[in-house]
Amino acid sequence: MKKIYLMLLILPACVFAQAQENGYTLVQNISYVPPDERDAYRKERCLLDAYYPTDVKGFTTIVWFHGGGLEGGQKELPLELQNKGVAVVSPNYRLSPKATNPAYIDDAAAAVAWVFENIESFGGDPARIYVAGHSAGGYLTLMIGLDKSYLQKYGVDADRIKGLIPASGQTNTHYTIRKERGLPMDIPLVDEYAPLNKVRAGLPPILLITGDRHLEMTARYEENLHLESILRYFGNKDLTLYELQGFDHGGMAIPACRLLINWVKKHDQK
């Protein structure tokens, strides 16, 4: 992918929907795959929305991946991330069972690579790109941030990411991947598709957030606690784990976004 793809998409006004309000512009349904992509489902799903401030240059960008168990969901613009002086890029990605592993991880990497290649054209700073997401989106955040091979395919070094913020992301192999293989969804598995198996030294700063361990999905807090321990063992120091007491898996997304914004602003000063 090259920047020319963006220019081809932006020039014809009929290609996308654009809205301007309160100093922000929202451009919808930008394709992040090459124009010669032949996979019809990939062309249908691999679209993103870009919400960005129009009166700021060199702004920070948060790439936000939606949840839905890798089987559902749509790109979204959380209210808690709006009007905060940052851009939010929200991609769709292919879903199981119509697509199978690792299609959705590859799509996530392609979307993030698109942001690195194009955000400067909108006025953003490519050195201030954070990757985040809730649930399945948190899993995708971890996979492309920890396993460098996905972004390398698109010519991007994962270490260029300013920070990773998975909200209730699975750190074992995702249960939908187990389901695709005919394996029990409730038995943990750690293989090449588990973020736990991709920990390395020198990672970008990481903010891990989960809901209440007593209200969350089974072992979701414990999986993140395990990941935190392994990350520290490998020498990663800029690392925080929050447990949002009183919030279940779905309900934790709103306070997680508020934590995310505060954490991003703090790290932008470093």
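**Close-up views of a predicted model**

**View 1. Salt bridge between Asp157 and Lys148.** In this predicted model, the closest N and O atoms of the salt bridge joining Asp157 and Lys148 are 3.0 Å apart. Asp157 is partly exposed at 34% relative accessible area, and Lys148 is likewise classed as partly exposed, at 22%. The structure contains 16 salt bridges.

**View 2. Salt bridge between Asp147 and Lys198.** The closest N and O atoms of Asp147 and Lys198 lie 3.6 Å apart in this salt bridge. Asp147 sits in the loop between helix H4 (136-146) and helix H5 (149-152), and Lys198 in the loop between H6 and strand S8 (206-211), so the pair ties together parts 51 residues apart in sequence. Asp147 is buried, with 11% relative accessible area, whereas Lys198 is partly exposed, with 23%.

View 3. Arg42 and Glu37 form a salt bridge whose closest N and O atoms are 3.1 Å apart. Arg42 is buried at 9% relative accessibility, and Glu37 is buried at 17%. Both belong to a network of salt bridges that also links Asp39, Arg94, Asp106, Asp107 and Lys153.

**View 4. The largest nonpolar core.** This core comprises 60 residues, and those with the most contacts inside it are Tyr32, Phe65, Tyr93, Ile105 and Ile144. Helix H3 (residues 103-122) makes the greatest contribution, with 14 residues. Beyond its sequence neighbours within four places, Tyr93 contacts residues including Tyr32, Phe65, Leu70, Tyr104 and Leu140.

How values were computed: Residues are numbered from 1 along each chain as its sequence is written. This is a predicted model: local features need pLDDT of at least 70, side-chain atom pairs count only at pLDDT 80 or more; totals for chains, interfaces and linings use all residues. Side-chain values use heavy atoms; hydrogens and water are left out. A nonpolar core is a set of buried Ala, Val, Leu, Ile, Met, Phe, Trp, Tyr and Cys residues joined through side-chain atoms within 4.5 Å. Buried means under 20% relative accessible area, exposed over 50%, partly exposed in between (1.4 Å probe, protein chains only). Helices (H or I, at least four residues) and strands (E, at least two) are DSSP runs, numbered from the N terminus. Contact means heavy atoms within 4.5 Å. A salt bridge is a side-chain nitrogen of Lys or Arg within 4 Å of a carboxyl oxygen of Asp or Glu.
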